[in-house]
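Q: I would like to learn how to read the features of a protein model. Please take them one at a time.

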Amino acid sequence: QVQLVESGGGYVQPGGSLRLSCAATGSIFSDYAWSWHRRAPGKQRELVARITSGGSTEYADSVQGRFTISRDNAKSLLYLQMNSLKPEDTAVYYCHRAFTNYWGQGTQVTVSS
């Protein structure tokens, strides 16, 4: 059974940084594309970043240049490095095995002064 567990969320001031991690079990991690999504209060869940099995990446326009998605296939870990955080980045962030129904439980990120 596939399980995804996010960590690393928290409270940070504008301009600060956080790194999210997602530990994946029950799946051959290296075989799949993985992604991060977020749901802000009152909004629909949106794609933040995706990384393919070959390491190609794509980002939402709103985070391009500030966020970096990466993966460690040996450890079955997915990361999201978030820099220059803005209040509008406040959301619950979810790890996702791309193009499937496997989601993590989410981790809260709050950006506020």
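Q: Over which ring does the charged end of R97 sit?
A: A charge sits over a ring if NZ of Lys or CZ of Arg is within 6 Å of the ring centre and within 35 degrees of the ring normal. Here the ring is that of Y32, and the charged end of R97 is 3.8 Å from its centre. R45 likewise lies over the face of W103, at 3.6 Å from the ring centre. This is a predicted model, where local features need pLDDT of at least 70 and side-chain atom pairs count only at pLDDT 80 or more, while totals for chains, interfaces and linings use all residues. Residues are numbered from 1 along each chain as its sequence is written, and side-chain values use heavy atoms, with hydrogens and water left out.

Q: How many aromatic pairs does a search of the whole structure find?
A: Rings of Phe, Tyr and Trp (its six-membered ring) pair if their centres lie within 6.5 Å; planes under 30 degrees apart count as stacked, over 60 as edge-to-face and the rest as tilted. The search finds 1 aromatic pair. F29 and W34 form this pair, and with 4.8 Å centre to centre and 20° between the planes it is stacked.

Q: Is W34 buried or exposed?
A: Buried means under 20% relative accessible area, exposed over 50%, and partly exposed in between (1.4 Å probe, protein chains only). W34 has a relative accessible area of 0%, so it is buried. F29 also counts as buried, because its relative accessibility is 3%.

Q: How many residues has the largest nonpolar core?
A: A nonpolar core is a set of buried Ala, Val, Leu, Ile, Met, Phe, Trp, Tyr and Cys residues joined through side-chain atoms within 4.5 Å. The largest one has 28 residues, and W36, L78, L80, M82 and Y93 have the most contacts inside it. Strand 3 gives the most to this core, with 4 residues. Strands (E, at least two residues) are DSSP runs, numbered from the N terminus.

Q: What is the order of the strands in the open sheet of 4 strands?
A: Strands of a sheet pair through backbone hydrogen bonds, either parallel or antiparallel. Two strands count as paired if DSSP finds at least two bridges between them. In this sheet the order is 1-3-8-7, with antiparallel pairing. Strand 1 and strand 7 are the edge strands, each pairing on one side only.

Q: Which residue in strand 8 does C22 stand opposite?
A: C22 stands opposite L78. Strand 3 and strand 8 pair in the antiparallel sense over 6 bridges. In strand 3, C22 is also the bridge partner of E6.
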